[in-house]
Amino acid sequence: MADPMRIRAVAKDGAVIVKILMSHEMETGQRKDGAGKAIPAHFIQQVSATWQGKVVLSATWGTAISKNPFLEFSFKGGQKGEKIQVTWTDNKGDKRTDEATIN
Amino acid sequence: MNQTRRNVLKAGGGASLFALLAGTGMMLPDAAFAADWNQKAFEAKNLKDAFDALGAGSRLNSADIVMTAPEIAENGAVVPIGAVSKLPGTESISILVANNPTALAASFDIPAGTEPAVSTRIKLAETSEVHVLVKAQGKYYVTKKEIKVTIGGCGG
Amino acid sequence: MKTFQASIFGAAALAIAFSAQAGDDSDQAVSMIKRDFHAKGIAGMDRLNEDGLQAMCNRGRNKPPKAVADRLQQDQMQAIKYPADGKFLGDWKSGEGIAQNGRGMTWSDSGTAANGGSCYNCHQIGPNETSFGNIGNSLHHFGKIRGNSPEIQKYTYGKIYNAKAFSLCSNMPRFGHSGTLTEKQIKDLVALLLDPDSPVNK
Amino acid sequence: MSSIKLRAVVALSGLALACAVNAQQAAAPKKAPAPAAKKAASESKDAVTAEFEKFREMMEDASPAELFEAKGEELWKTRRGPKNASLEQCDLGLGPGVLKGAYVQMPRYFADAGQVMDVERRIVHCMVTLQGFKAEDLARQPFSTEAGTPDPVSLVTYVAGQSRGMKIAIPQKHAKEREAYRLGREIFNFRAGAWDFSCASCHGEDGRRIRTQELPNLTSRKDAIRAFQGWPGYRMTGGLMHTLQWRMNDCFRQQRFPEPGYASETIADLLTYMGVNANGYVYKGPGIKR
């Protein structure tokens, strides 16, 4: 199972700034291993963040997102103490959901 | 990070929390919120094909898109990119890299209430123009910037 | 190193501390290194055996007494093997590749591929390479400034072959002496620096 | 290739005498006049570097190193190994289980081991004594690769994070700690190998670069912190988490030396020398490296 995400969500001036780090190889499929064999692509394809059941961001990614991806965005309306959930799904069907409390 | 929550995750696995939340109605099922992965766009080998696959065959240059990125990237493996749209009615923001093996790096759907601003980190295979494409009120706008990638020291 | 210590302790105090301790510490450190290291790949334990020059530079903190330094330097000079055909100028294009290549002689190198000269790691050389180091001086316009007389050619060859023949405790590796670069490779580097057609001299 | 001839071509007679004389001469340093050419080459602490630093700071705000801190915390608190114990009783010098400030006070002398230990050497010691892991097993593949991140690496990152914002204060009270500093200085200056390199060849002068990579002068008070700051570091190349044990190992590789033993006394002493020189600076926590 993939390691947990690190999610920071901070309420400031009526908006919530969300910073997410994910633990993922983001293998491009372009590289070869030591024996010259192609390393298969393995990367996150979809990311979504929800707050109070509402989608506040949804993204689709290709192989060019860096290893151990970072994502930052902000949305209006969130309050301290409320929760946000973030989910990613990769091209092999692996999935991970983590939750954080807005500070 | 919240320790209790992590223990829950450890015990149940990531997917089970997801199922739990979905079950209580706190979350909608997958298909309802996750944007589709546009295979044609993500597999496009060049900028033009990627733009076409995104439906952005025609687009206008815009000074209302601000890209924050280094002139010279210290390391092509991790290049920070920030994109902000000042265009009213921004629906999505995409990042494309002209000289990567596949041009489209990421697309972000921006729902109402979310700032039309995202930051992430991308890979550049070599020095390249990076484009930020914005869809606003059904129309496409773009800005671009060249980012140089330097050679590492010490031969690795 | 010395500047730093001198500014903190003062030279006099340092002199006493050093003469009393430096030798013992040095011996102890070398024994510890030899105990704690192990051979890996092409990098054998023989590399930890200081040769005379290394020992002199180590014990003398890179400034050995002049009399000994002069003699050691002379020995290094006499050991330079100049090309038997008397020609020093090779192919500058190949030289550029050797100057760019930083591989070779580490435990992760196989030892089967030709070694590089790592020149750009430390020197500015050709005008088109902006990623260059500055441990060594700039070699841009090297031949334009000096010309390419037979004497300059021989000097340049010798300097690459064994920089220590010209400055005993120089930071620059002895590329010929250590078996890193072949005669042909050194000639190509000489051409990179001296050939009027080389971009270095444009 | 394995037996590269580094034999002295020099006459060795008189060397012993010369060395004896030299030990004293070396003590009275004379400042060599800086060659003009070198000055010219070092003029540019340039725009490129400033640009790198700006974006590096941006990335440090949300560093992938945090992912490894979290992993290390879990490893620290989980019962593992043949003895099914956690590391919560591991003494990093401030008492069993005390993590706050431990990282910035290591290497230090540990009476229970009779050795000066840097943080990784000590963590390995705890994994062996408390959890029953075998030192040889831990030394087999001690550095991060694409295949994975070894547990000690994540553990070091976690422990380092517990000293974020604290002053470096590596002790020099015990005689062994002072000896480690002196021997570390010797190791730092030891030239050998195919290319006659020592640590000081690259890290002994101000304002030097390899290619575009800046080289801290680790013998100067001003730069000494740079041996400490940013480690353990998330290396953008390959996206791997690395500790100072790795940094020392890879420096010796590039020095064209044989390989130093993992968590050996040589490395502990070298880290003592560089660490003590950085005493007094504030440690910012695990960082990002090129």
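Biologist: How many residues apart are D:R140 and D:D137 in helix α6 of chain D?

Modeller: This is a predicted model, and in it D:R140 and D:D137 are three residues apart in helix α6 (residues 135-140) of chain D, so about one helical turn separates them.

Biologist: Why does that spacing matter for which way residues point?

Modeller: An α-helix has 3.6 residues a turn, so residues three or four places apart point the same way.

Biologist: What do D:R140 and D:D137 form, and how far apart are the closest N and O atoms?

Modeller: They form a salt bridge, with the closest N and O atoms 3.1 Å apart.

Biologist: Is D:R140 buried or exposed? And what is the relative accessible area of D:D137?

Modeller: D:R140 counts as exposed because its relative accessibility is 61%. D:D137 has a relative accessible area of 42%, so it is partly exposed.

Biologist: Which residues do salt bridges with shared partners join into one network?

Modeller: A:R6, A:R8, A:K19, D:D61 and D:E66.

Biologist: How many salt bridges are there over all chains?

Modeller: The search of the whole structure finds 43. One of them crosses between chains, from B:E115 to A:K76. B:E115 sits in the loop between β6 (104-109) and β7 (117-122) of chain B, and A:K76 in strand β5 (residues 70-76) of chain A. Their N to O distance is 3.7 Å.

Biologist: What are the relative accessible areas of B:E115 and A:K76?

Modeller: B:E115 has 23%, so it is partly exposed. A:K76 has 48%, so it is partly exposed too.

Biologist: What about chain C? Which residue forms a salt bridge with C:D36?

Modeller: C:R35 does, with the closest N and O atoms 2.9 Å apart. C:D36 is buried, because its relative accessible area is 12%. C:R35 is exposed, because its relative accessible area is 52%.

Biologist: Staying in chain C, how many residues of α9 are buried?

Modeller: 10 of its 12 residues, so the helix is mostly covered. Among them are C:Q185, C:K187 and C:D188, along with C:I186, C:L189 and C:V190.

Biologist: What covers the buried residues of α9(C)?

Modeller: The cover includes α5 (92-100), α6 (119-122), α7 (142-146) and α8 (150-161) of chain C.

Biologist: What span should helix α9 of chain C have, and how far apart are its end C-alpha atoms?

Modeller: At 1.5 Å a residue, helix α9 (residues 183-194) should span 16 Å. Its end C-alpha atoms are 16 Å apart, which agrees.

Biologist: Now cores. How many residues are in the largest nonpolar core?

Modeller: It has 66 residues. A:W61, A:F73 and B:F108 have the most contacts inside it. Strand β8 (residues 128-136) of chain B gives the most to this core, with five residues.

Biologist: What is B:F108 in contact with, leaving aside its neighbours within four places in sequence?

Modeller: From chain A, its contacts include A:L57, A:S58, A:A59, A:W61 and A:L71. From chain B, they include B:E91, B:S92, B:I93, B:I95, B:V118 and B:T120.

Biologist: Which residues are among those of the other core?

Modeller: D:A102, D:V104, D:M248 and D:Y262 are among its 61 residues, and that core lies apart from the largest one.

Biologist: Last one, chain A. How many helices and strands?

Modeller: Zero helices and seven strands. The C-alpha atoms of chain A fill a box of roughly 55 × 20 × 20 Å along the principal axes. Of its 103 residues, 60% count as buried.

Methods: Residues are numbered from 1 along each chain as its sequence is written. Chains are lettered from A and ligands numbered from 1 in the order in which they are written. This is a predicted model: local features need pLDDT of at least 70, side-chain atom pairs count only at pLDDT 80 or more; totals for chains, interfaces and linings use all residues. Side-chain values use heavy atoms; hydrogens and water are left out. Helices (H or I, at least four residues) and strands (E, at least two) are DSSP runs, numbered from the N terminus. The expected span of a helix is 1.5 Å times one less than its number of residues. Buried means under 20% relative accessible area, exposed over 50%, partly exposed in between (1.4 Å probe, protein chains only). Contact means heavy atoms within 4.5 Å. A salt bridge is a side-chain nitrogen of Lys or Arg within 4 Å of a carboxyl oxygen of Asp or Glu. A nonpolar core is a set of buried Ala, Val, Leu, Ile, Met, Phe, Trp, Tyr and Cys residues joined through side-chain atoms within 4.5 Å.
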